[in-house]
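Hello,

Here is the model for you to open. Please have it on screen while you read the notes below.

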Amino acid sequence: TAAQESVDSAVVRFYAARWYQPAWVHANGISPQADELLGVVAQSARDGLDPADYLTAALDSLLHRHLSPEDARQLDSLLTRTLFIYAQDVSRGRVDPAAVDSQWTAARPGPDWVAILDSALDASSIGAVLQDLAPPQPGYRALRAALARYRDITRRGDWPSDLGRRLAAEGFSSLRDFQRSHGLVADGIAGPETRAALDVPAAERVRQIELNLERWRWLPRSLGERYLLVNSAAFMLEAIDHDTVALSMRAVVGRLDWRTPIVSSQVTHLLFRPVWNIPPAIAATELLPNLKRDSTYARRLGIRVFGDSSLGNRELDPRSVDWTTVSESSFPYRLSQEPGPDNPLGGVKLVFWTPFSVFIHDTPIRPVFSERWRVFSHGCVRVENAARLAAYLLPDWPTDSIRAAMRNGAPRERWVRLVAPMPVHLVYRTAWADDAGFVQFRADIYGWDTQLDAALTRRRYGHEASAADHSRAGGTRDAVFRHIDVQ
């Protein structure tokens, strides 16, 4: 796999850079830094990882026998491989997100771990480097701490049967607190939905936390001192300022067939009274039936029609098109909708680049924000109070000026560049630790927890097979180990 090839390449470069001198094994055994490495990977479960991925049977066998020169070379190589696999897993994640789902992306590659490891070994600081590999954000550390608490509950035999003791096991003093932490209606009544949430086994909650720790590792190492965070599983947008929630509002996210992606970018502009360039798939599947039924539909909604290159790319009168002859599979038109009360982008759009052409924007459709399951968009994020969000991003603008720029009748498509780009992260968190230390759980609306769990299971079996192949081959996949000069 690509991940294995990356590790293999790192091992080769590591030994070549140090003239094939051993890193961990010497004539009288392994070094104290090797002990530090083994100690850290043995505790990797605290990050939701599996120590068996690193403390393999081949490694264990070599650690518990008298070493021949060839054994010593192989052990040194295996320890190096163990470090690079662990470094990759804990800092960037165990699976390549995009290889599992086209809607998932990860941060760009991190630093040159070969150079960092070599320097750390020379300075005898390998322990400090290993401890610094995991995401540094408080949210990750808080969720990691919660993982230990929920594992303790599973070791004690799951939840108590008594409701009061069941709530106390998670630290809740009332049923309403539990309901709020699970995205339920906080009415204090143990109805069917609440009972179902109470009955989820602690082991399932443990796995849910582990999956969300994995998704944390896909994010950039620095989220930004100030950034926007959209959690599509919770239907919420937050503005974070130095780890504090400065702004929070309800959001509408993508439908189950138009899911909001997992992606990070930077907001560079605000676009007031934007034109909606209607994606061809939406035009053909959702607007075409209306155009066929109602000859005035396009004009009433401010929709302009343009021919494609075969039609000269010119604007056409919608009434001149015989829409009854047009099909979804052959739709030779481009449609755009002018700003106005029917434009789904509303009065303002946040502009940031992603491969998915999704944005954060206003909406004229207000009732949907009272719904609990706000999955109504074509992947974009609609926010409940776009004017307030715009004011946060443009602090020098008076509120009246922002509302005027969004209002019907204002100039069409007014671009405003932000003084500094604002990082934005579209995430999918079904478990996270709130400011009070409680874990907030949400339903897996897109089925992405299930999908990630399956991908990690495949990765584990693939890793075991790879380790077995490596052991049977006597380590020959690491041809470099034969050149390691163990004295």
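First, the ground rules. This is a predicted model, where local features need pLDDT of at least 70, side-chain atom pairs count only at pLDDT 80 or more, and totals for chains, interfaces and linings use all residues. Residues are numbered from 1 along each chain as its sequence is written, and side-chain values use heavy atoms, with hydrogens and water left out.

Cavities

The count is 2 cavities of 30 Å³ or more. A cavity here is a set of points, on a 1 Å grid over the protein atoms alone, where a 1.4 Å probe fits but cannot get out; lining residues have an atom within 4 Å of a point. Grid points are joined across faces, edges and corners, and a volume is the space filled by probe spheres set on the points.

The largest cavity holds about 60 Å³. Its lining consists of N212, R215, W216, W218, L219, I262, V427, Y428 and R429. Helix 12 (residues 202-216) contributes the most, with 3 residues. Helices (H or I, at least four residues) and strands (E, at least two) are DSSP runs, numbered from the N terminus. By type, this lining has 6 nonpolar, 1 polar and 2 charged residues. Nonpolar covers Ala, Val, Leu, Ile, Met, Phe, Trp, Tyr, Cys and Pro; charged covers Asp, Glu, Lys and Arg; the others, Gly among them, are polar.

The second largest cavity holds about 40 Å³. L83, A87, W113, L117, I126, V129, L130 and L133 line it. Two or more of these residues come from each of helix 4 (69-92), helix 6 (113-122) and helix 7 (126-131). Helix 7 gives the most, with 3. The lining has 8 nonpolar residues, no polar and no charged.

Strand 3

Strand 3 (residues 226-231) is largely enclosed by the rest of the structure, because 5 of its 6 residues are buried. Buried means under 20% relative accessible area (1.4 Å probe, protein chains only).

Which way does strand 3 pair with strand 4? Strand 3 and strand 4 (residues 236-241) are antiparallel, over 6 bridges. Two strands pair if DSSP finds at least two bridges between them. Y227 sits opposite I240 of strand 4. The two strands form a hairpin with 4 residues between them. In that turn, F235 has a positive phi of about 55°.

Strand 3 also runs parallel to strand 15 (residues 414-427), joined by 4 bridges. There, L228 stands opposite V424.

Best wishes

Methods. 1 Å grid on protein atoms, 1.4 Å probe; cavity = no way out; pocket = protein on both sides within 12 Å on 5 of 7 lines; lining within 4 Å. Buried < 20%, exposed > 50% of the residue type's maximum accessible area, 1.4 Å probe, protein only.
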